[in-house]
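Hi,

Here is the structure I promised to pass on.

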2 protein chains.
Amino acid sequence: MRIVVLAGGIGGARFLRGLKAAAPDADITVIGNTGDDIHLFGLKVCPDLDTVMYTLGGGINEDQGWGRADETFRVKEELAAYGVGPEWFGLGDRDFATHIVRTQMLGAGYPLSAVTQALCDRWQPGVRLLPMTDDRIETHVAIEEDGEQRAVHFQEYWVRLRASVDAKAVVPVGAEQAAPAPGVLEAVAQADVILFPPSNPVVSVGTILAVPGIREAIAEAGAPVVGLSPLVGDAPVRGMADKVLAAVGVASTASAVAGHYGARRRPARDGAGAGLLDGWLVDTVDAGRVPEVEAAGIRCRAVPLMMTDLDATAAMAREALALAEEVRA
Amino acid sequence: MRIVVLAGGIGGARFLRGLKAAAPDADITVIGNTGDDIHLFGLKVCPDLDTVMYTLGGGINEDQGWGRADETFRVKEELAAYGVGPEWFGLGDRDFATHIVRTQMLGAGYPLSAVTQALCDRWQPGVRLLPMTDDRIETHVAIEEDGEQRAVHFQEYWVRLRASVDAKAVVPVGAEQAAPAPGVLEAVAQADVILFPPSNPVVSVGTILAVPGIREAIAEAGAPVVGLSPLVGDAPVRGMADKVLAAVGVASTASAVAGHYGARRRPARDGAGAGLLDGWLVDTVDAGRVPEVEAAGIRCRAVPLMMTDLDATAAMAREALALAEEVRA
């Protein structure tokens with residue numbers, strides 16, 4: 001079974017671990033968000049790709065969900081001693097090595113997809129990890145800070161500001177000129193199942209869908225498309241998805257997010273293009289929203305959606321695959 | 001008093017510490033060798049400049065004479081886990097930060113001289129540290145290894161091979177197209193004293209002299225030029241200078257090195273250009289070589305030349321300054 005997953009960082013990575021447990025023989029291709037990539041200290045940092053790679057490769061800091069286990073911060077301390085920041089981004093020594101290798105390979109002319117494959121040669125994540133694009137896309141967030149309108153890099157909004165101010169707009173800068181990375185459209189076309197894990201629908205999955213050609217390929221794919229709500233009880237399970245959902249005019253409910261993705265074979269509600277979902281899982285606490293979702297033309301089930309441990313996460317993945325089979329039939 | 005010093009790495013840096021103690025009020029400009037600079041992991045590493053900066057700034061690993069005190073090697077271990085080398089070059093985590101800052105600034109368009117000044121803003125070495133050039137020069141060494149003629153970067157010859165094979169030739173690649181960094185020729189012209197510390201006469205001081213204009217400026221400077229022999233008892237005090245002296249046809253004696261630099265107002269013995277030395281210090285064990293040096297037209301004294309501690313090194317610096325005054329008078 002060929003499964004394609006559109007993944008952001010922590011939520012996507014943890015879901016993938018459950019999916020691998022639920023479908024150990026599946027051929028899984030992950031299309032990773034690169035909109036939160038950032039150049040720091042002259043190095044190319046790809047937080048979402050690395051979170052997937054480290055999580056599936058056994059190198060992740062389990063408690064925080066990002067960065068390396070058993071990490072130290074000598075390089076960062078020295079950079080601060082030189083007065084070189086930003087200090088708000090936590091790059092550890094082991095993590096630095098990844099960015100050094102990536103930057104060196106990019107400088108030598110390799111595309112990000114080839115670099116990601118080389119890094120995965122070490123980590124053996126057990127999935128094929130593709131960046132959504134080899135082109136540069138940076139998600140910027142328009143905010144008002146100290147009475148001034150300005151646009152900040154998504155990482156600055158998320159990490160430095162901790163989404164403490166309202167996002168007026170979220171813009172994947174460079175997306176219009178980007179093309180899907182090699183293998184992305186082929187994987188979508190050949191998939192047996194396409195899954196949207198409980199990643200951020202705006203700055204993770206939404207950015208992937210902003211790469212011209214990817215949304216259309218999913219809308220037209222032969223495989224069923226099933227998503228899992230990142231909102232439980234009208235709030236994000238983790239992160240601050242409500243802030244960026246508000247920026248795109250979507251309510252923080254499991255049903256509103258389903259409507260934002262839209263039902264397949266119908267235009268998406270907000271005019272973003274073709275609808276994408278055949279099926280949608282909401283948490284049991286949101287069972288009351290199932291009829292709303294189904295009324296929009298999306299098959300919906302209420303199941304436990306808290307990724308508390310590997311078993312719970314694998315059960316979620318099994319429910320998603322089961323819903324996909326139900327849709328297919 | 002304005003003193004100009006042509007410095008390599010460890011020997012030059014330690015001598016400078018003694019010079020600062022001997023002449024605390026002097027205005028010292030160091031022209032640093034950059035021929036042993038190397039790109040590692042996509043980062044620009046300047047071993048000699050950093051050794052001077054760390055030594056005078058209090059950050060050096062005193063035992064080994066290079067690299068940072070209290071160093072760890074997490075980044076390097078991770079790079080090795082990615083299969084990315086070379087492993088023979090010992091870059092520590094704290095050291096990496098220096099190279100990251102330097103590379104980022106060079107990438108932003110700053111010349112190496114401006115970058116070096118920015119790094120020194122932190123270290124406050126108490127001297128003005130100038131790279132010999134802002135252009136790229138790499139010292140390569142021609143060797144025969146496993147029956148094959150090949151050229152290796154100086155660092156590979158020195159660090160990986162530990163000069164265990166004969167050097168057939170030493171070539172400062174790029175020197176012909178290089179220009180002295182801003183301030184270098186002016187410092188030489190305005191100097192009251194010019195010193196050659198007991199650095200390697202071929203791959204340290206020799207490379208600096210290979211930058212077009214520097215040798216000529218020193219030969220024509222109004223200030224006395226005094227050097228200190230890096231050879232004591234016909235052997236290098238540290239390092240493997242004998243190997244690279246052989247490559248340029250110079251015997252490993254204190255007097256032969258003086259002859260290699262040549263006497264001012266005379267052509268240098270080996271046709272390398274104008275002679276440079278007014279005075280030369282040899283170690284007391286080499287007192288028998290004083291007449292040879294003086295016969296070549298270079299004022300010579302035999303004094304203790306082992307940099308065993310700061311006092312001994314300061315005494316050497318005082319002897320060099322005294323010889324300069326003697327020459328001037």
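Which residue forms a salt bridge with A:Arg264? The partner is A:Asp278, and the closest N and O atoms of the two are 2.9 Å apart. Before you read too much into any distance, keep in mind that this is a predicted model. Both A:Arg264 and A:Asp278 sit in the loop between α11 (254-261) and β13 (279-282) of chain A, so the pair ties together parts that are 14 residues apart in sequence. Both residues are buried, too. Over all chains, the structure has 42 salt bridges.

Salt bridges in chain B

B:Arg17 and B:Glu62 meet through their side chains in a salt bridge, at 2.9 Å from N to O. B:Arg17 belongs to helix α1 (residues 10-22) of chain B, while B:Glu62 is in the loop between α2 (47-57) and α3 (74-81), so this pair ties together parts that are 45 residues apart in sequence. Are these two buried or partly exposed? B:Arg17 has a relative accessible area of 26%, which makes it partly exposed, and B:Glu62 is partly exposed as well, at 43%.

The other pair is B:Glu326 with B:Arg299, a salt bridge at 3.1 Å, N to O. It links distant parts of the chain, with B:Glu326 in helix α13 (residues 310-328) and B:Arg299 in strand β14 (residues 299-302), 27 residues apart. B:Glu326 counts as partly exposed at 29% relative accessibility, and so does B:Arg299 at 34%.

There is also a network: salt bridges with shared partners join A:Arg68, A:Asp70, A:Arg94, A:Arg122, B:Arg74 and B:Glu78.

Helix α1 of chain B

Back to the helix that holds B:Arg17.

B:Arg14 is partly exposed, with a relative accessible area of 23%. Leaving aside residues up to four places away in sequence, B:Arg14 touches B:Glu62, B:Asp63, B:Gln64, B:Gly65, B:Arg238, B:Met307 and B:Thr313.

Where the chains meet

At the interface, 27 residues of chain A are in contact with 27 residues of chain B. About 2300 Å² is buried between the two chains, and carbon and sulfur atoms give 61% of that. On the chain A side, A:Arg74, A:Glu78 and A:Tyr82 lose the most area to chain B, together 32% of what that side buries.

How many salt bridges are there between chain A and chain B? The count is eight. One example is A:Arg94 with B:Glu78, whose closest N and O atoms are 3.1 Å apart. There are also 14 residue pairs in polar contact across the interface.

Four helices of chain A, α2 (47-57), α3 (74-81), α4 (93-107) and α5 (112-123), each supply at least two residues to the side that touches chain B. α4(A) gives the most, with eight residues. By class, that side of chain A has 15 nonpolar, four polar and eight charged residues.

Definitions and conventions: Residues are numbered from 1 along each chain as its sequence is written. Chains are lettered from A and ligands numbered from 1 in the order in which they are written. This is a predicted model: local features need pLDDT of at least 70, side-chain atom pairs count only at pLDDT 80 or more; totals for chains, interfaces and linings use all residues. Side-chain values use heavy atoms; hydrogens and water are left out. A salt bridge is a side-chain nitrogen of Lys or Arg within 4 Å of a carboxyl oxygen of Asp or Glu. Buried means under 20% relative accessible area, exposed over 50%, partly exposed in between (1.4 Å probe, protein chains only). Contact means heavy atoms within 4.5 Å. Buried area is the accessible area (1.4 Å probe) that two parts lose on being put together, summed over both. A polar contact is a pair of N or O atoms within 3.5 Å; within protein, one must be able to donate a hydrogen and the other to accept it, and residues adjacent in sequence count only if both atoms are side-chain atoms. Ala, Val, Leu, Ile, Met, Phe, Trp, Tyr, Cys and Pro count as nonpolar, Asp, Glu, Lys and Arg as charged, and the others, Gly among them, as polar.
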